[in-house]
Amino acid sequence: MKNAELQIGCQTFTWEMLGTDWGGGPDDLVRAIADGGYAGIEITDTMIGHYALKPAAFARTLTDAGLALVSFAFGSASGFTMAEKIASDLDTARRWVDFAANFPGAMVSMGSATVVSDGPLDEKFAIAAECYNRAAEIGQSAGVVVAVHPSSHHNTLLFTRNDYDRLFVLLDPHVGWVPDTGHILRGGQQVGDTLAAYRDRIRYVHLKDVDAGGTWVMLGEGVCDVPAVISAVRDAPNFISWIVVEEESDHAGTNPAAAVRANRETLRRLGF
């Protein structure tokens, strides 16, 4: 794959992490991401706002802005690890799969399995795998790929390489993976090794950076070897060509639009 074939998108969590300090809506996100020089957007259930029941209207908004929907991302208060919540989580997955089906090529990304209740960890991994596997089946029936996005946030079940191994061995082959460079590094993993181990599951990548201590920093200011990551994922057999930039640094929290614009310029300087 040539550099020109790569497509660069932006995740909306940069705004979402502001919480109640963010007073805008999805139209503001679309405008900021388009103005930042991106070709696509990954939006979440928290940020979709009034478009949640209006996929056709959202499609028109994206088209007018020159953006594609890369993926729709959602999480659950269950952490996808509570057996009694699987039915509810799958209903939610079905809702967002149906939404994403209105956007050719768009995927659904499910958040990291997280420990939110007592019980043996082996059971948590098994429950999460069942939830992800069944959600991916729902996606298959609608022509939408469903993928897992591990994180390094509080109580995540998917932090170290051993955690990834424990889950991925339980996942059906059609369950995708959205590797996140920042979360992989914060988990003490070697990015290249982890990407190589599960390259067949890679669909797209979340690209972000941390310093040597695991603190979020702007892209290019930390220890993430961006060219090496892109080289690795672009050769993965199921990679859909999207590099999705996400930013969680304190700097981004002061001005999300400026931060994502700066990250896009960083990628351009690197030749992407």
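Which side chains meet in a salt bridge with 3.0 Å from N to O? They are those of R134 and E130, where a salt bridge is a side-chain nitrogen of Lys or Arg within 4 Å of a carboxyl oxygen of Asp or Glu. Both residues sit in helix α5, four residues apart, or about one turn of the helix; helices here are DSSP runs (H or I, at least four residues), numbered from the N terminus.

Before we go on, a word on the model: it is predicted, so local features need pLDDT of at least 70 and side-chain atom pairs pLDDT 80 or more, while totals for chains, interfaces and linings use all residues. Residues are numbered from 1 along each chain as its sequence is written, and side-chain values use heavy atoms, leaving out hydrogens and water.

Back to our pair: R134 is partly exposed at 38% relative accessibility, and E130 is partly exposed at 35%. Buried means under 20% relative accessible area, exposed over 50%, and partly exposed in between (1.4 Å probe, protein chains only).

Now look at R94 and D91, whose closest N and O atoms are 3.2 Å apart in another salt bridge. These two are three residues apart in helix α4 (residues 86-100), so about one helical turn separates them. R94 is partly exposed at 37%, as is D91 at 48%.

R166 and D122 form a salt bridge too, with their closest N and O atoms 2.4 Å apart. This pair links distant parts of the chain, since R166 lies in helix α6 (residues 161-168) and D122 in helix α5 (residues 121-142), 44 residues apart. R166 is partly exposed at 26%, whereas D122 is exposed at 56%.

Finally, D180, K208, E246 and E248 are linked in a network of salt bridges. The count comes to 10 salt bridges.
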